[in-house]
Amino acid sequence: MYNLNFIAIKKNITFHHKNKHKLGYDLDILCNTYPDLLPFVFENTYQTKTIDFANPKAVKALNTALLMKYYNIVFWEFPDANLCPPIPGRVDYIHYVADLLESFGVKTKIKVLDIGTGASCIYPILGQAEYNWNFVATDIDKKSLEYGQTIINKNGLKNSIVLRHQKETSQILKGILTETDKFSVSICNPPFFKSETEAIEATTRKLKGLNRVGDKKLVRNFSGIHNELWYKGGEKAFIHNYLYESSLFKNQCNWFTTLVSKKDLVKGIHVSLKKLGAKDVRTIPMGQGNKQSRIIAWTFLDKRGNKGKD
């Protein structure tokens, strides 16, 4: 019998086969785990229980419930203004990175560099829960790191996750990596927008898709502060800065990776990495949200761990 309390994932979204949420969410189970979700649940015109995905508080409650039910998290609190990451999409990135590392023969003692971890510290807590990975997580915002540290402390993750502050907003790896640092992989979800104006335009389009375009106050359903959403020059500028800096630390990370939202950036990324001397570059498609996303992964090492030519 069809469960009317089950939110199904849209047909155009294809998650990794290991993703616990590939079929959807059971709201009864989640409300039982996290009762604060219950006030946001209602029955729609199809007599199916759901939440208002345009309401950031409802979205945050849903994702908190998912973390508590499936990822051993007992505390996940940060300001409503900060970005609330959608758990199914974030854990998908973790699973694809695990596949990448396995294909390279890296299976144990995995240490991950998370660039721009945010107040939610989402990738480290998911990577630790799913694969028992260790993390160094960075951010340019001290307040975000303070909230992240509280999440780490209250979930007993101090031995698995270490935070570092990036003091220079123009730098990504420089000022963070030391000469002795060695990482299995780096991960990054870069700011997508060039400015607040561009971010607002994207939110307006999303609200239109959720039939909320008439709302008087523009509210992002996943929230987000400026450094989480936009960067001078946008996604392209951030990623190409990251590509260049990765070439300065060729032998300190087996794989560098990043999410890439805009498909038209992929060709230029491959060209740049070839010029920088990458030994292997891979594009990994991901079916997240209402559009196709992808991971770009590159390495300057061969499978024997030798550094590529400078």
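Select G277 first: in this predicted model, G277 follows helix α9 and has a positive phi, near 95 degrees.

Next, step back into α9 itself, residues 266–276, and colour V266, I269, S272 and L273, which are buried. These residues cover an arc of only 125 degrees around the axis, which puts them on the same side of α9. Now turn the view to the opposite face. The face of α9 turned away from its buried side carries the exposed residues K267, K274 and K275.

Is G234 buried or exposed? G234 is buried, with a relative accessible area of 1%. Show P190 as well: 44 residues separate G234 from P190 in sequence, while their C-alpha atoms lie 8.8 Å apart in space.

Finally, display α8 and α9 together. Two packed helices are described by the angle between their axes and the distance between the axes. Here, the packing angle is about 20 degrees and the axes are 10 Å apart. Because angles under 35 degrees count as roughly parallel, α8 and α9 are therefore roughly parallel to each other. The crossing in which α8 passes α9 is right-handed.

Which residues make the contact? To see them, select I239, H240, L243 and Y244 on α8, together with G268, I269, S272, L273 and L276 on α9. By class, the residues of this contact comprise six nonpolar, three polar and no charged. I269, S272 and L273, residues of this contact, are also among the buried residues of α9.

Note on methods
Residues numbered from 1 in each chain as written. Predicted model: local features only at pLDDT ≥ 70, side-chain atom pairs only at ≥ 80, totals over all residues. Heavy atoms only, no water. Buried < 20%, exposed > 50% of the residue type's maximum accessible area, 1.4 Å probe, protein only. Helix = DSSP H or I, 4+ residues; strand = E, 2+ residues; numbered from the N terminus. Arc of directions from axis to C-beta. Axes fitted to C-alpha atoms, helices over the stretch in contact; angles between N-to-C directions. Parallel < 35°, antiparallel > 145°, perpendicular 65-115°, else oblique. Left-handed = near helix turned anticlockwise from the far one by under 90°. Contact = heavy atoms within 4.5 Å. Nonpolar A, V, L, I, M, F, W, Y, C, P; charged D, E, K, R; others polar.
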